[in-house]
Amino acid sequence: MKRSNRLVVLTEYFLENPRKHIQLPYFVELCDTTKSSISEDLDIIHEVFQIKGLGYLERTTGAGGGVKYIATSSAESSREFISTLQKKLEDPARILPGGYLYMSDILGDPSMVREIGRVFASCFAHLEIDAIVTVATKGIPLAYATASFLNVPVVIARRDPKVTEGSSVSINYVSGSSRKIQTMVLPKRSLPDGSNVCIIDDFMKAGGTITGIKSLLEEFSATVQAVGVLAEADDEEDERVITDYTSLLKISPVDIQNHHVSVLPGNYQME
């Protein structure tokens, strides 16, 4: 196989299989070439990935040596994307009765959601994560996008048990903003005991839902390695019940009288 063809084949494989460790003999057979040629190809792909801000190839040596693709977004690309989200959400046309902000179109845009997942994956690239956990329903697309770059499964906690999911573990928790008692359930088969997990959600006020998920995960002896939220409320800091989280955006209370909303970058930091 010619080098130009090999580069296409290898690049496509890495983009479709992030964080999957593969030994070099697999690529030697796949491309019908030599190990030295594959090694040179990997150098080229690694360099281009870094230049384009798509991540990098992590290579290991020794008997079990191989390579895996770590998908990331460059700090510059992430800042530009966050700025784009800010401008979209600051549109006065998004303001709904009651001071709410319309965000469903962003959560329904595959390209937007995919880029949000890439930014989260970049923030948590240095962590060992076995699964992404979210609560139904609006956090689901963000969870799947993040999971696609970390190459891990998605686990969904729900408000009500489903007969098709078998026996479940349920907890009651207090909503941080409304102070109401809520219920959250997770099927026993959905998450192996002792898993390292990352919680992803679309919006956080006081953090009651995140606290509820954490309490539920304790029943599975899971370790929460990270918490990522697309946006946090800027007026709930005094009542916030969690402090260790990563947000991409911070939304101030909607000024209904002047038809204005302010959106700022969150506390995210790129590794």
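Me: Why is Ser 122 called buried?

Reply: Buried means under 20% relative accessible area, exposed over 50%, and partly exposed in between (1.4 Å probe, protein chains only). Ser 122 has a relative accessible area of 4%, so it counts as buried. This is a predicted model, where local features need pLDDT of at least 70, side-chain atom pairs count only at pLDDT 80 or more, and totals for chains, interfaces and linings use all residues. Residues are numbered from 1 along each chain as its sequence is written, and side-chain values use heavy atoms, with hydrogens and water left out.

Me: Where is Ser 122 found?

Reply: Ser 122 sits in helix H6, residues 110–123; helices (H or I, at least four residues) and strands (E, at least two) are DSSP runs, numbered from the N terminus.

Me: And what lies 2.4 Å from a polar atom of the side chain of Ser 122?

Reply: That is the backbone nitrogen of Ser 73.

Me: What makes Tyr 102 partly exposed?

Reply: Its relative accessibility is 38%, so Tyr 102 counts as partly exposed. Tyr 102 belongs to the loop between strand S4 (100–101) and helix H5 (104–107).

Me: Which residues touch the most other members of the largest nonpolar core?

Reply: Phe 14 and Ile 132 do, in a core of 58 residues. Such a core is a set of buried Ala, Val, Leu, Ile, Met, Phe, Trp, Tyr and Cys residues joined through side-chain atoms within 4.5 Å. Apart from it lies another core of 24 residues, including Leu 186 and Ile 242.

Technical notes: Polar contact = N/O pair within 3.5 Å; in protein donor to acceptor, adjacent residues only side chain to side chain.
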